[in-house]
Amino acid sequence: MILISAYTSQILLVTLLFAFACIYLKRKNLFNIKEAVIYSISFLLPLTASLFFKNYISGNFDAVVYDNSFILLAIQNWFSPMLNGLQNNILNYHIYLLSHILKIQLWLFVIFPCSLIVYGIILNLKSDKTRISLYLLFTALCYIGLHIIFTYLTSYNVLVRYTLPVLPLLLITAAGGLAQIKNKTVIALFIIINILGIISLTGAPHIKRPDGYKTLADTLTKSGVSQNYNFIMPIRANLLDKYFYIKGQRYSIYQLTTSEAQKTYLNENEIKSINQNKSYKNQYIKRFLIQNNISKEFENYVLNMFSNKNSIVILKDNSIAMFSDEQLKLIAQSQNLDKYPYQFLRLSKLYNNIIKVFNKNYKLKQKIINKNWEIYIFEIQ
């Protein structure tokens with residue numbers, strides 16, 4: 001239940017673990033139909049409960065970029081203290097590795113620990129007579145493989161950090177092999193290198209993360225922004241409640257991505273094309289990104305949806321809506337459009353447009369910038 005609540009695709013992981021456990025027990029003549037039925041029910045009950053209590057399906061669709069170098073990035077993040085691409089996959093990561101191949105840091109902190117872990121997995125597979133390690137490894141590979149297949153065949157895109165649930169299976173498999181290495185100097189060096197990598201300035205604890213909703217709440221409180229105002233949030237409307245409870249109306253920028261809203265800035269063929277074209281590298285998304293004029297339909301839709309007699313606060317998260325109109329035009333007219341997640345491009349354009357609409361129709365009372373947050377307060381009478 002905890003796994004499923006954390007991330008929807010854990011349903012896939014739990015299913016794979018259950019299936020391979022049944023296969024293993026069957027091959028060892030330990031399979032019991034009665035126990036299997038009980039375990040199936042215990043698995044289905046939390047899954048069924050989650051469908052009732054969880055009103056959305058988590059995952060990554062148009063906010064993720066992907067190419068096959070994802071595998072190299074995943075291996076590095078699994079087995080080394082040097083983490084990369086935590087917020088999004090890094091395209092052409094093999095080129096990055098090749099460009100740093102002569103650097104001692106890459107060999108010490110990435111290639112050596114990753115190679116030793118892989119070697120440990122191979123050793124364990126060769127010596128494990130119970131074959132449990134093989135089943136664990138196969139479960140992990142199937143999980144990752146299915147994510148990649150979904151990426152190629154559906155609108156889903158696999159993200160490196162969401163493959164972490166299978167890491168314990170890989171490390172358990174590797175541990176059995178590493179325990180067989182008689183040269184303790186190698187193991188000691190492995191431990192020292194990992195510790196040095198972790199505490200270094202480029203280690204995982206020092207990675208700069210986007211400033212979250214606590215930072216935003218502190219900024220709103222210090223600036224005297226009223227909780228009674230109406231707010232337009234970057235994602236879900238209740239994400240700020242833990243730190244700053246909004247008493248007014250709550251909206252989300254995602255309300256402008258519904259089918260009804262899209263009709264105010266895209267035509268029917270464009271909507272269909274964007275929804276079906278995974279690369280988004282076509283004339284329709286380009287036209288949307290470079291358009292200067294805001295349609296009257298879009299302006300009226302925004303005003304009718306978001307504005308009433310109360311002042312409204314637009315909260316813009318520059319970690320997901322980071323592009324200005326000028327930057328969007330350059331991206332749209334370049335050869336690298338498909339390397340930018342469509343969600344970030346779309347949200348940037350929508351934010352730019354709604355701020356223009358409110359600037360045109362209402363008075364900007366205050367603009368606050370703190371780290372990756374931009375806060376616009378419009379006075380509506």
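1. Which residues do ring pairs link into a cluster with Phe70? The partners are Tyr66 and Tyr152, joined to Phe70 through ring pairs. Across the chain, the count of aromatic pairs comes to 14. If you want to characterise them further, a pair of aromatic rings is described by the distance of the centres and the angle of the planes.

2. A word on the overall picture, bearing in mind that this is a predicted model. The chain has 16 helices and five strands. Of its 381 residues, 45% count as buried. Among contacts between residues at least 6 apart in sequence, 70% join residues at least 24 apart.

3. Two arginines deserve a look alongside the ring pairs. Arg161 lies over the face of Tyr162, at 4.9 Å from the ring centre. Arg250 is placed over the face of Tyr245, here at 4.7 Å from the ring centre.

4. Next, helix H10, which covers residues 213-222. Its buried residues are Tyr213, Thr215, Leu216, Ala217, Thr219 and Leu220. An α-helix has 3.6 residues a turn, so residues three or four places apart point the same way. What do the buried residues of H10 pack against? They pack against S1, strand S3 (312-317), strand S4 (363-370) and strand S5 (373-379). After H10 comes Gly224, with a positive phi near 70 degrees.

5. Is Asp325 buried or exposed? Asp325 counts as buried because its relative accessible area is 13%, under the 20% cut-off. This residue is found in helix H15, which spans residues 325-332. Its side chain makes a polar contact with the side chain of Lys356, at 2.5 Å. Not counting residues up to four places away in sequence, Asp325 touches Lys349, Asn352 and Lys356.

6. Lys247 counts as exposed because its relative accessibility is 58%, over the 50% cut-off. You will find Lys247 in the loop between strand S1 (230-233) and strand S2 (250-252). Leaving aside neighbours within four places in sequence, Lys247 is in contact with Gln227 and Asn228. The C-alpha atoms of Lys247 and Asn228 are separated by 4.9 Å, although these residues are 19 residues apart along the chain.

Definitions and conventions
Residues are numbered from 1 along each chain as its sequence is written. This is a predicted model: local features need pLDDT of at least 70, side-chain atom pairs count only at pLDDT 80 or more; totals for chains, interfaces and linings use all residues. Side-chain values use heavy atoms; hydrogens and water are left out. Helices (H or I, at least four residues) and strands (E, at least two) are DSSP runs, numbered from the N terminus. Buried means under 20% relative accessible area, exposed over 50%, partly exposed in between (1.4 Å probe, protein chains only). A polar contact is a pair of N or O atoms within 3.5 Å; within protein, one must be able to donate a hydrogen and the other to accept it, and residues adjacent in sequence count only if both atoms are side-chain atoms. Contact means heavy atoms within 4.5 Å. Rings of Phe, Tyr and Trp (its six-membered ring) pair if their centres lie within 6.5 Å; planes under 30 degrees apart count as stacked, over 60 as edge-to-face and the rest as tilted. A charge sits over a ring if NZ of Lys or CZ of Arg is within 6 Å of the ring centre and within 35 degrees of the ring normal.
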